[in-house]
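This report goes through selected parts of one structure. Please look at the sequence and the model first.

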Amino acid sequence: MTDRYLWDRTGDPDPEVQRLERMLGRLAHRGGALDLSSVPAPARPRWRGWMVGRLPGPAWAAAAAVAMVVGLGGLWLAVREPGGWEVTRLEGAPRVGAEAMGSTGRLPVGQWLETDAASRARIRVGRIGLVEIDPDTRVRLVDARRNDHRLALARGVLHALILAPPRRFFVETPSAVAVDLGCAYTLEVDASGSGLVTVMIGWASFERNGRESFIPAGARCATRPGLGPGTPYFADASAGLKNALAAFDLAAGRAEKSAGPLGVVLAEARREDALTLWHLLGRTAATERGKVYDRLASLVPPPPSVTREGVLVGDHVMIDRWWTELGFGGTQAWRKWKGKWPEVPRSVASQ
């Protein structure tokens, strides 16, 4: 993508930016009164300047559109959709169950929507958002309750735009659950069951068995069968950091295999990569955690109430206080969405 596209749309476009523009096009001004009857307002995201700065120009406009809807406040309605969700055919011949659908249809709870190599579809997620389904994708509607809008992505790619309070929309994958915290994101699942989420606006998380990764705009996170959510990273991090982080996650806590990759991650980390290092504080044994602490402290000094000794023994209160310094907002909002810390196994905390 060239800078010219960001200013006058005459340069080479980025496919993801174009996709986001299409999804948010229905919010564009058309010269008449704005119809918000089917666009409920989400909880207010707590944007920070350096996070928004990571978004390409058109995405800033998309973020502004979301902020506009958010600012109206109080219009979000969570209602039951007993007949399932509306589906629109975008290309080709998507199938609902065994039947090829027409231009529109319904996806009942428990039923699969499947696209072939030439098909695309759009799902209206109750009254809280839209999900576009790419070719060669298989997705099932798991639940359509007022506080639990839930899909299961078996394989393929979907693009979600959700305007609702946090934790209302979920996508199950073979190795983790993607949880919307008010955002736009792309979720991919390959034939092995491994997944990757890329967040364009707002926040999302990957969760499985008490393990959670928190992913802001501009960041990605992988998940793998048997391992669950990996460590999030910004998409523009160095190739060395991303490759080493994948090796660290695959080592699954085995010190003899994780020490080398961890060293590369720490050496390659920039100030922005504090997001990654903060997550590593809860994913390393005490001996490695000290190295993570030292590198993170050199990038983002901890507040006076956070001590090295406290972090090394896994003091969650201190680790939360340090989060506030990263530039993502206070821990009050974080804990409201994320919940309590999972207990650190004694075998890990004592290492």
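## Aromatic rings

Rings of Phe, Tyr and Trp (its six-membered ring) pair if their centres lie within 6.5 Å; planes under 30 degrees apart count as stacked, over 60 as edge-to-face and the rest as tilted. The model is predicted, so local features need pLDDT of at least 70 and side-chain atom pairs count only at pLDDT 80 or more, while totals for chains, interfaces and linings use all residues. Residues are numbered from 1 along each chain as its sequence is written, and side-chain values use heavy atoms, leaving out hydrogens and water.

Ring pairs join Phe214, Trp278, Trp323 and Phe328 into a cluster. Across the whole structure, a search finds four aromatic pairs. One of them is formed by Phe214 and Trp323, edge-to-face, at 5.3 Å centre to centre and with 65 degrees between the planes. This pair links distant parts of the chain, with Phe214 in strand β13 (residues 211-216) and Trp323 in helix α10 (residues 316-324), 109 residues apart. Helices (H or I, at least four residues) and strands (E, at least two) are DSSP runs, numbered from the N terminus. Phe214 is buried at a relative accessible area of 6%, and Trp323 is buried at 1%. Buried means under 20% relative accessible area, exposed over 50%, and partly exposed in between (1.4 Å probe, protein chains only).

All five residues of strand β7 (residues 129-133) are buried. In a regular strand the side chains alternate between the two faces of the sheet. In β7 both faces are covered, with Gly129, Val131 and Ile133 on one side and Leu130 and Glu132 on the other.

Two strands pair if DSSP finds at least two bridges between them. β7 pairs with strand β6 (residues 120-125) in the antiparallel sense over five bridges, and Val131 is the bridge partner of Ile123. Three residues lie between the strands of this hairpin, where Gly126 has a positive phi near 50 degrees. β7 also pairs antiparallel with strand β9 (residues 148-162), over five bridges; there His159 is the bridge partner of Glu132.

## Strand β11 and its partners

Strand β11 (residues 177-189) is mostly covered, with 11 of its 13 residues buried. β9 and β11 are antiparallel and share six bridges, and Val157 stands opposite Glu188. Strand β10 (residues 169-172) runs antiparallel to β11 and is joined to β11 by three bridges. Four residues separate β10 and β11 in their hairpin, and Ala178 is the bridge partner of Val171.

Between β11 and strand β12 (residues 195-208), also antiparallel, there are 11 bridges. Leu187 stands opposite Val197 in β12. The hairpin of β11 and β12 has five residues between the strands, and Gly193 takes a positive phi near 95 degrees.

## Leu153

Leu153 lies in β9 and is buried, with a relative accessible area of 1%. Not counting residues up to four places away in sequence, Leu153 touches residues including Val139, Leu158, Val171, Leu187 and Val189. Contact means heavy atoms within 4.5 Å.

## Helices α6 and α8

The axes of helix α6 (residues 255-268) and helix α8 (residues 286-299) come within 11 Å and cross at roughly 5 degrees. The two helices are therefore roughly parallel to each other. The contact involves Ala255, Ser258, Ala259, Leu262, Leu266 and Ala267 of α6, and Glu288, Lys291, Val292 and Arg295 of α8.

Axes are lines fitted to C-alpha atoms, for helices over the stretch in contact, and angles run from 0 to 180 degrees between N-to-C directions. Angles under 35 degrees count as roughly parallel, over 145 as roughly antiparallel, 65 to 115 as roughly perpendicular and the rest as oblique.
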